[in-house]
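Let's take a friendly walk through this structure. Have the sequence and the 3D view ready, and pick out each residue as it comes up.

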Amino acid sequence: MIISKNKIAYLLALALPFIVLGYITLSNHHKHNSGELWHVEIAGYDPRDLIHGRFLRYRISWNEYGNVSGGKASTDALCLMRSAADPRIPTITQIKADQTRTARCDSLLNAGKAKDHWNIPLRQYYIPEEFANTLDWAFGQTKNKFTVDLRIGGAGTLSVTDLYINGEIMHKAMPALKAAYNSARSGERNKPQTWRLKIKDITPYYISDVQNCITYNIDWAHYGLEVAAYQNTPDLCLIPSPNDARTPIISIAAPDTNLQGCASIAESTPWNNNSWNRQPKTICQSAQLGKFMIAQSKINAAQFEVENTINNMGNFYSTELFINGQTLKDAMKNDAAHKAP
Amino acid sequence: MGLKRKLRQWQSAELISAAQTNSILSHERQGIGQKYFRGLVAIALLAIFGGAALMVAANWAHISGGIKLSAHFSLNAAFAYILWHGRETSHYWKREGATFILAGLNLTLIALIGQVFQLSGTLESALLLWLIITTPFIFLFGTSRMNAVMWTAALIITLGLNLYDIIDALSIPSYKKECLFIFAVASIPGILMLSGMSPKLRALRPEWQQSYILAGSGLIIAGGMFTSLAWYTDTDYLHNLKSLHWFPAAISIFWCAIFIIMRSIIQSQTYKTLCLLAAVTSLFALTASLPFRPEVDTMATVHFVCFMAVIGYFAIPLGMHGLVTLAVLFITLRLFIFYIELTGPMFAMGFGMIVTGVILLIALKFALKIDKKIKAKLFDIGA
């Protein structure tokens, strides 16, 4: 049978996608099933934007296994040696690119511009849509440990295979994690709850014709807590005070504490940089209310409080500012009535 | 509007005769049964495919990567067979439809491979790979406008997403990269338009040629409008290009010269007009990219209005009265934006907003009148 040249061209054009995509599939299958197997910890790339579409955005925590530094522009290589305790866990040394030939390593990872090089920080792991909310929540809980399996071939590049949560492969770990997530969401103590808290260090922050803002810190000392700024903080347990249900009695929720008695738990998670005491918080008001707020912030004798809602994720949200026990609006009205002739 | 009512209107406007009305109605009645039958078949097929898609979607997380990939490769192979069969039997829609679907399936297969092997790929790299591997078969098998438009749109999107990364990967100083990027972006519309004017492409793939011309002209017009924004920035941005600060102006002159030369070579009157339009657009771009031009923001409005007036003017030889409406509408909106630029703070007040709204309504009514008058004068329609 004679096939015309024209027909061959058509057949080749039709076969090209199959050949290329088939090759990509088989070569990746080979990469996933050959080379040295390693098990490494990962962390969220940006905790505020962890689940991007259907991808978990993460970085590999190389620093857990050695003194590793450098990003996209790095040309250094990583030398991985099997640790004595667990041969899947590496001990890593960062070496210069020209030392790779002489280095004695179990696996070697080269730097480069593609995702299969070690120095590309942002990585994405595809996750089924139904796991997204649970994983988003689970990543925020510091007690959960996320790890991935890596395969490192002779070319000095890596391919990520499986994701593990607390040592269990993702699909197997999900039912328990989902149950914990649902229980955390539906639990009584995790219902959003609003508290009135004393604040200090009130400072005008942004002043314009249309909007005015102040910054403040929560006066933790008033509640008997002493925590230095810019330090990681433990979780907090809040219960209503017997005199006023909106005013809390606050204690530190140590890991072994029974949390059942807490009405709210303020959690220190990657979402708030592992601290409820790290940065000053802001409140903004528009127009006259904003101007009044700025004027009041300069009066030393004024007593300031904020109403803070602690949501079911354990995060703080400011809702209302109080001056001398009154809401800002009421305080402004009373002030105007007082000044009226 | 129903067919009967429409036909009655055309008949009373003496566009068609009573006999023609009856013939059209009887022709349409013949097809009614078949139309309903085809509709029901479509519903049945939609139910089958919809159900299958829902089942797959519900169990997606539990299906292994190997099965997903095998199923996808099989689906691609099935459509490749339909495509080949369509070509062998000269079945137009079987071939064109299968080309379109197979192209789409190749893109989803690339995404699936990335998903299964956790390749952390980006949309732009997936599109680039897709374009490279599918272009030969789309071009050879797809002759319809549907496939031509799909491929041209994919080309523009892929270039838009990948151009910067491709140039950024070159080992040259950053100001040279910027110049190369400007040159590449400025050249895409021209290359598309000139490729569309090729007689060989016209003979081989007339729908592709149309699609190139349309995309090229559209991008040239959009580019002309966009360059007016350069007047808002000072000329310092040109000095960021160091010794190549003259480069954007040189690109404009280069493309203007190319289009003028092409205009003298090409025979077709329409293409000559399009080349002139592109050359004039290059000149407009030149005024905005001169290193010694005055730094006056108002020139952005003047540039835009003059350019759109030129576009409206070119509507006459091109016989496209839609371009007149487009030009009048854009000029009106640009002048309105200029008014907002001048009276910005006033717009923020309640009274100012009411005045602005009234002015916009009056401007649009005025624009509509002008549009009708111009068309009546130039094309002898709709006065």
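In chain A, Asn324 sits in the loop between strand E18 (316–323) and strand E19 (326–327); helices (H or I, at least four residues) and strands (E, at least two) are DSSP runs, numbered from the N terminus. This is a predicted model, in which local features need pLDDT of at least 70 and side-chain atom pairs count only at pLDDT 80 or more, while totals for chains, interfaces and linings use all residues. Residues are numbered from 1 along each chain as its sequence is written, chains are lettered from A and ligands numbered from 1 in the order in which they are written, and side-chain values use heavy atoms, with hydrogens and water left out.

**Positive phi angles**

- A:Asn324 has a phi near 50°, a positive value in a residue other than glycine.
- With a relative accessible area of 46%, A:Asn324 is partly exposed (buried means under 20% relative accessible area, exposed over 50%, and partly exposed in between, with a 1.4 Å probe and protein chains only).
- B:Ser90 is not a glycine either, yet its phi is positive at about 55°.
- Look for B:Ser90 in the loop between helix H3 (65–88) and helix H4 (92–116) of chain B, where this residue is exposed, with a relative accessible area of 59%.

**Chain A as a whole**

- Chain A has 5 helices and 19 strands.
- Of the 341 residues in chain A, 42% are buried.
- Among contacts in chain A with a separation of 6 or more, 63% come from residues 24 or more positions apart (contact means heavy atoms within 4.5 Å).

**Salt bridges**

- The count over all chains is 14 salt bridges (a salt bridge is a side-chain nitrogen of Lys or Arg within 4 Å of a carboxyl oxygen of Asp or Glu).
- A:Asp116 and A:Lys31 form one of them, with the closest N and O atoms 3.8 Å apart.
- That pair links distant parts of the chain, 85 residues apart: A:Asp116 is in the loop between strand E6 (107–109) and strand E7 (123–126), and A:Lys31 is in helix H1 (residues 5–33) of chain A.
- A:Lys145 pairs with A:Glu41 in a salt bridge, the closest N and O atoms being 3.8 Å apart.
- Here too the pair links distant parts of the chain, 104 residues apart, with A:Lys145 in the loop between helix H2 (132–140) and strand E8 (146–152) and A:Glu41 in strand E1 (residues 36–44) of chain A.
- In chain B, the side chains of B:Asp168 and B:Lys177 meet in a salt bridge (3.4 Å, N to O); B:Asp168 is partly exposed at 37% relative accessibility, whereas B:Lys177 is buried at 17%.
- Salt bridges that share partners also join A:Lys7, B:Arg87 and B:Glu88 into one network.

**A positive patch on chain B**

- B:Lys4, B:Arg5, B:Arg8 and B:Arg29 gather in a patch of positive charge on the surface (patches are made of residues with over 30% relative accessible area and no salt bridge: like charges are joined within 9 Å, nonpolar side chains (Val, Leu, Ile, Met, Phe, Trp, Tyr) within 5 Å).
- Lys and Arg count as positive and Asp and Glu as negative, with His and the chain ends not counted; the place of a charge is taken as NZ of Lys, CZ of Arg, CG of Asp or CD of Glu.
- Helix H1 (residues 3–12) of chain B gives the most to this patch, with 3 residues.
- B:Arg8 lies in that helix H1 of chain B and is exposed, with a relative accessible area of 55%.

Note on methods
Accessible areas come from the Shrake-Rupley method with a 1.4 Å probe; for residues, only the protein chains shown count as cover.
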